[in-house]
Amino acid sequence: MRDSRRARLILGVLLTAALVILTVDHRTGDSSPLRPLRAAGAYLFGTAEQFGGGVMRPVSTFVHAILTAPAARERIEALKEENAKLRAGLLAGKLDADRAKELERLVGLAGAGGYKVVPGNVIARRGQPGFEDAVQIDIGTSDGVRSEMTVLNGDGLVGRVLHASARTSTVVLISDPASAAGARLEGGKEIGVVHGVGEHGRLVQFRLLDSTATMSRGGRIVSFGSQNAVPYVPGVPIGVIERVESTPGELTRIAYARPYADLTALDVVGVVVKAPERDPRDSVLPAKEGSR
């Protein structure tokens with residue numbers, strides 16, 4: 001009991017002394033004799049607080065990173081997926097715009113030549129028995145396509161339909177070595193035959209039947225047409241002569257021409273389901289450079 005009373009007495013004295021000190025310090029303000037002690041306490045406790053904060057901050061940052069990591073990963077994945085969709089949308093928009101331009105050129109060429117065409121898209125490049133250069137298109141007999149029909153695009157002659165199913169058709173390109181199409185020099189009656197020579201469709205061979213006829217680099221070739229327009233309709237641009245071979249003593253002359261149609265990058269094509277009523281001659285050829 002005595003210890004308890006003594007403890008309460010000491011506690012009361014200490015509290016009274018603390019109140020007196022606080023009152024004196026508050027009333028005297030900056031001139032307080034306790035100012036150095038107060039500054040020392042502030043320095044010690046402030047330093048301890050900064051030290052504790054410096055030690056705890058990395059820990060709290062690490063804990064926060066652990067807690068938020070799943071959400072951050074999900075957000076990153078969502079952003080990646082969104083960016084992929086945007087890129088796909090932009091690419092699809094570009095493809096649609098490019099195809100629209102190709103279709104516009106195809107319609108223009110068909111209109112100039114009087115050809116009735118069914119447009120389609122190249123969906124695969126595949127070889128066929130006996131042929132090296134062939135493609136598959138996404139139109140067939142249900143669209144009016146039949147075998148041995150002319151195939152062209154907005155630039156010129158592409159090939160002929162080899163065979164057709166209900167939904168798709170196989171087209172042999174004029175660049176195939178086994179392909180042959182009747183052709184004519186622009187502005188004249190000199191005729192010959194265009195053969196494929198491979199070389200990834202970069203060139204085709206034009207064999208002029210009259211070895212005495214004039215033929216030079218820059219000359220343009222159009223399709224001569226087949227009997228009953230099967231498999232080739234007349235007047236379709238084929239290509240521009242790049243070089244003429246010297247063939248002394250031969251019955252024919254040989255030249256190599258660059259096709260108007262880019263046979264290595266075909267997309268939109270048209271199958272001619274009805275030939276023109278009359279030969280368009282040279283009217284479908286593009287305007288020469290410098291004459292526009």
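User: Which residues touch the most other members in the largest nonpolar core?

Analyst: In this predicted model, Tyr 115, Phe 206, Ile 221 and Val 271 touch the most other members of the largest nonpolar core, which holds 45 residues. A nonpolar core here is a set of buried Ala, Val, Leu, Ile, Met, Phe, Trp, Tyr and Cys residues joined through side-chain atoms within 4.5 Å, and buried means under 20% relative accessible area, with exposed over 50% and partly exposed in between (1.4 Å probe, protein chains only).

User: And which strand gives the most to this core?

Analyst: Strand 12, residues 268–274, gives the most, with 4 residues; strands (E, at least two residues) and helices (H or I, at least four) are DSSP runs numbered from the N terminus.

User: What does Val 271 touch?

Analyst: Leaving out residues up to four places away in sequence, Val 271 touches, among others, Val 117, Ile 137, Ile 139, Met 149 and Val 161, where contact means heavy atoms within 4.5 Å.

User: Switching to Arg 160, is that buried or exposed?

Analyst: Arg 160 is buried, at a relative accessible area of 14%, and it is found in strand 4, residues 157–164.

User: Which side chain does Arg 160 join in a polar contact?

Analyst: The side chains of Arg 160 and Glu 148 are joined by a polar contact of 2.8 Å, the term being a pair of N or O atoms within 3.5 Å, where within protein one must be able to donate a hydrogen and the other to accept it, and residues adjacent in sequence count only if both atoms are side-chain atoms.

User: OK, and where is Asp 138?

Analyst: Asp 138 is found in the loop between strand 2 (134–137) and strand 3, and at 32% relative accessibility it counts as partly exposed. Its side chain reaches the backbone nitrogen of Asn 121 at 2.8 Å, while the C-alpha atoms of Asp 138 and Gly 120, 18 residues apart along the chain, are separated by 5.9 Å.

User: Where is confidence lowest?

Analyst: Confidence is lowest in helix 1 (residues 2–28), at a mean pLDDT of 61, and highest in strand 3 (residues 150–152), at 98; pLDDT is the predictor's confidence in each residue, from 0 to 100. Where pLDDT is low, the predicted coordinates should not be read in detail.

User: What ground rules apply to the numbers?

Analyst: Local features need pLDDT of at least 70 and side-chain atom pairs count only at pLDDT 80 or more, whereas totals for chains, interfaces and linings use all residues. Residues are numbered from 1 along each chain as its sequence is written, and side-chain values use heavy atoms, with hydrogens and water left out.
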